[in-house]
Amino acid sequence: MDFAGVNGGGSVDASSAEKDFVQCEKIVREWARSALEEEIEGDGHTLQDLLFFLHVPRTGGRTYFHCLVKKVYGAALECPRSYDKLRFDPRKPKCRLVATHDDYSIMSMLPREKTSVMTVLRHPVDRVFSAYEFSVEVASRFLVHPNLTSATELTKRIRAKHKGVSTLDIWPWKYLVPWMREDLFARRDARKMKGLSYVNSNDSYNVEEMAMPLHQFINEPVVLDTVHNGATFQVAGLTNNSYLAEAHDVRHCVQKFTILGEHVLQVAQKRLDNMLFVGLTEKHRESAKMFVNVVGPQVISQIASDSSMEGLSKIKSVTEQNSLLSDSELDSNYHQDGTSDQKTTENVSTENLEGIKKNMTVEKIMEEYKACISPLRNSQSVRRTNSLREISPANFSKEARLLVPDTVLQQIRSLNSLDLRLFKYAEGIYAKQNERMHELVTTEELKSVSSDSHGIRLWQATVLATCFAFFILLCVNARRRRSKLKI
């Protein structure tokens, strides 16, 4: 390894660099050992009292949560939350579902033995593209203001007035968007000074007069710290939003000496192994089907067994109503302007529980799911089109991505080597989950067939018995008629 360290004369100070490496190796190894020891051995595929949805940015997680997971649980069981700081008491008995952009270190705030974790991962190259596009898109909305000062002051007043959770409060956008916003205003000012009113380009990811090019974005310090290998650091609990004091030293050591990333990857893989569910953005339909069939019945069973909730006896039969979820589409859409904190319903009524019962049928959940994702997809498309008008000719799309040079794509892969390996590992976990789902569905189908067969056999026996009785009656009557004739 080529250790980074240069002395005053310009030669490599190998001893100093080696000392730094030894110190970093000690820090990372100690953290990894402690993290692995904290992992609870057991059946991670059994739903616990609380489900934590670890939301990796730009994986379609928000749509997945609101249009699917929340539909399975019902709004009444959702914990009050923010996407940055913990705002709920996990000891509340009716609080069973939380989703945030917090990393795995949030588990230090939760009842670990009573908490299940789920997440959705995406191919790292696509996730970096999406992070770049979203940063530019959100920042470009501020260009309707005459200058950066005006945009910043107005934003502060609006946030103070509404007291909601804005994109500017959410990790990692609280770092990326203000930074990108400042860059966009600087480029607009430069265009005005040059007298440029229009820029012509066929490459949406390299229109430097309008927005920071992708090849520059991926090398910026804030992106190196929040985007690259972001999924691995988030699952490991090592983001710059971590609750652990040692997280920052560990992350910086891994970023400085990439070989130490093996320890972080090992922890992240172990945690994926122990998660209740791991979905893939690239397999939206299959992930949705899998979640409903594997996790859904456990949610209903959990609710049904909670004797402290009113009206539970009315929903105990729901566990038998779940079946294969038909194909549907998820869309990647993020909460962009702001929303108010959602409050947990303290008193879960019978009507709430009956609502959960109805939503857990295949037909119901599909109706609500499709109705949910359609407006999200449409609003995202309209919002993006309107936002990017300010920086035309930038027009982000799958087709435009094909024009990005291979050298840039290769650099993205190199900067996200841990995430690439974690994603590959997640694909293996996903395949195993798929096998378990089919085993579960097959078992349920066999039970159903057995039940139906039992019903058919009972019906056949009844018919045969009736026919036999009728035959005996005919014989008796015939004998009586013959006896009368002889007399």
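# Aromatic rings, disulfides and a parallel sheet

Y132 is buried, as its relative accessibility is 1%. Buried here stands for under 20% relative accessible area, exposed for over 50%, and partly exposed for the range in between, with a 1.4 Å probe and protein chains only. The model is a predicted one, in which local features need pLDDT of at least 70 and side-chain atom pairs count only at pLDDT 80 or more, while totals for chains, interfaces and linings use all residues. Residues are numbered from 1 along each chain as its sequence is written, and side-chain values use heavy atoms, with hydrogens and water left out.

## Aromatic pairs

Rings of Phe, Tyr and Trp (its six-membered ring) are paired if their centres lie within 6.5 Å; planes under 30 degrees apart are called stacked, over 60 edge-to-face, and the rest tilted. The count by this rule is 12 aromatic pairs. Y132 and Y205 form a tilted pair, because their planes stand at 35 degrees, with the ring centres 6.0 Å apart. This pair links distant parts of the chain: Y132 belongs to helix 3 (residues 124–140) and Y205 to the loop between helix 5 (173–194) and helix 6 (214–217), 73 residues apart. Helices (H or I, at least four residues) and strands (E, at least two) are DSSP runs, numbered from the N terminus. Y205 is also buried, at a relative accessible area of 2%.

Y132 has a further aromatic pair with F217, this one edge-to-face, at 5.1 Å centre to centre and 70 degrees between the planes. Since Y132 is in helix 3 and F217 in helix 6, the pair ties together parts 85 residues apart in sequence. F217 counts as buried, with 0% relative accessibility. Ring pairs join F129, Y132, W179, Y205, F217 and F396 into a cluster.

Another ring, that of F142, has the charged end of R181 over it, 4.7 Å from the ring centre. The rule for a charge over a ring is that NZ of Lys or CZ of Arg is within 6 Å of the ring centre and within 35 degrees of the ring normal.

## Disulfides

The structure contains three disulfides, a disulfide being a pair of cysteine sulfur atoms within 2.5 Å. With bonded cysteines counted along the chain, their pattern is 1-5, 2-6, 3-4.

| Pair | S to S distance | Torsion about the S-S bond | Hand |
|---|---|---|---|
| C24 and C253 | 2.2 Å | -75 degrees | left-handed |
| C67 and C372 | 2.0 Å | about -70 degrees | left-handed |
| C79 and C95 | 1.8 Å | about 125 degrees | right-handed |

C24 and C253 are joined by a disulfide. The two cysteines lie 229 residues apart, C24 in helix 1 (residues 14–38) and C253 in helix 9 (residues 247–256). C24 is buried at 10% relative accessibility, and C253 is buried at 5%.

The disulfide of C67 and C372 connects helix 2 (residues 61–73), which holds C67, with helix 14 (residues 362–388), which holds C372; these residues are 305 apart. C67 is buried with a relative accessible area of 0%, and C372 is buried with 18%.

In the disulfide of C79 and C95, both cysteines sit in the loop between helix 2 and strand 2 (97–100), 16 residues apart. C79 and C95 are both buried.

Four strands make an open sheet in the order 2-1-3-4, with parallel pairing. Two strands are taken to pair if DSSP finds at least two bridges between them. Strand 2 and strand 4 (277–280) are at the edges with a single partner strand each, so one side of each has no neighbour in the sheet. On average, and with direction ignored, neighbouring strands are turned by 20 degrees against each other.

Strand 3 (residues 115–121) runs parallel to strand 4 and is joined to strand 4 by four bridges. M118 is opposite F277 of strand 4. Helix 11 (residues 284–294) packs on this sheet, where it touches strand 3 and strand 4, and its direction makes about 160 degrees with that of strand 4. Axes are lines fitted to C-alpha atoms, for helices over the stretch in contact, and angles run from 0 to 180 degrees between N-to-C directions; contact requires heavy atoms within 4.5 Å.

T119 has V278 of strand 4 as its bridge partner. In a regular strand, side chains alternate between the two faces of the sheet. From strand 4, F277 and G279 point one way and V278 and L280 the other way, all of them buried.

T46 lies in the loop between helix 1 and strand 1 (50–54). T46 is partly exposed, at 33% relative accessibility. Leaving aside residues up to four places away in sequence, T46 touches S116, L276 and Q298. T46 and S116 are 70 residues apart in sequence, with 8.0 Å from C-alpha to C-alpha.
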